[in-house]
Amino acid sequence: MATLGPESARPALGSSPSVQTHLSSANLPPNRGLERALEEAAASGVLNLSSRKLKEFPRTAANHDLTDTVEADLSKNRLTDVPSEVCHLVALETLNLYHNCIRTIPDSVISLQSLTSVNLSRNQLGSLPACLCGLPLRVLNASNNKLVSLPETIGQLHSLMELDISCNEITALPRHIGRLKALRELNVRRNLLCVLPEDLADLPLVKFDFSCNKVSTIPVCYRKMKQLQSLQLENNPLQSPPAQSFSFLGSDLIEACRSEKMPDSLYLPVIERLSLSRPTAGRSVTVVTSALFHLVHCII
């Protein structure tokens, strides 16, 4: 059988596009991938610099026109500050700074007047600046930081629909949080809250998670939360959560009680996980609790 010689066994470099591409990529400078990302951002308006071990904004970004950037992803880097260059992207609508080492947010962020969504999760923030509340945010995620409080100006975020401040060290929610009239989802899980503001009852919350805190009493006025579909409250030292607080769940709780053939005046036993669904209007309500749930006679 004839054997192929070296020249016939290996195609000529000029005749194989895949080989040419491979060799071309191999000869690229180390930062060519970064340059390509900047080039694509200038063309598409989407800047993706995630997972590049960046400690600062690329200096070569000055060579590209990024003024029309609407989305910037700088997640999973080593940034200790929000780059000043980011605050110059005035068309920015979405900013992802997840999983960096950021300690402070500069006041210059106020220039991002088109910003509607920001992810600051998993950083080292000790506080949020008041100027952040001057932005048209709809989504704010500041979970997994070192926050001990929220700015009193939080009530200025009139368009805010989702607020996630879980896994921080917040001891109290600001009194103006009740002004967030567009808020649909609130996550304050795993903080140091002892008291829940009564003003939350006036918000159109659909999802509310205050599990893993130090809350002992649920305000009775929370019975007005007619749009609530998901409530998570486990791992709190609840002592007197009145049934009146959940009058919209009244019929479900009564049925749960009757199914156990318990007198109306007795407590439900300790419930590790209670899921109650109501098909009315196509909605379901989920309550997760590990505390004693009182069934007060007046609700029946």
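In this predicted model, the largest nonpolar core holds 67 residues, and Leu140 and Phe208 are the members that touch the most others. Helix 3, spanning residues 32–44, supplies the largest share of this core, with 4 residues. In soluble globular proteins, nonpolar side chains tend to be buried together.

The surroundings of Phe208 can be described in detail. Beyond its neighbours within four places in sequence, Phe208 is in contact with Leu186, Val188, Leu196, Leu200, Tyr222, Met225, Leu228, Ser230, Leu231 and Gln232.

As to the overall architecture, the protein contains 4 helices and 10 strands, arranged along the sequence as α-α-α-β-β-β-β-β-β-β-β-β-α-β. Of its 300 residues, 43% are buried. Among contacts with a separation of 6 or more, 31% join residues 24 or more positions apart. The accessible surface amounts to about 15,600 Å², and carbon and sulfur atoms account for 51% of that area.

Most residues other than glycine have a negative phi. Lys76, although not a glycine, has a positive phi, and Arg190, likewise not a glycine, also has a positive phi.

| Residue | Phi | Loop location | Relative accessibility |
|---|---|---|---|
| Lys76 | about 55 degrees | between strand 2 (71–73) and strand 3 (94–96) | 45% |

Lys76 counts as partly exposed because its relative accessibility is 45%, between the limits of 20% and 50%.

Key. Residues numbered from 1 in each chain as written. Predicted model: local features only at pLDDT ≥ 70, side-chain atom pairs only at ≥ 80, totals over all residues. Heavy atoms only, no water. Core = buried A, V, L, I, M, F, W, Y, C linked by side-chain atoms within 4.5 Å. Buried < 20%, exposed > 50% of the residue type's maximum accessible area, 1.4 Å probe, protein only. Helix = DSSP H or I, 4+ residues; strand = E, 2+ residues; numbered from the N terminus. Contact = heavy atoms within 4.5 Å. Areas by Shrake-Rupley, 256 points an atom, 1.4 Å probe, with all protein chains shown as cover.
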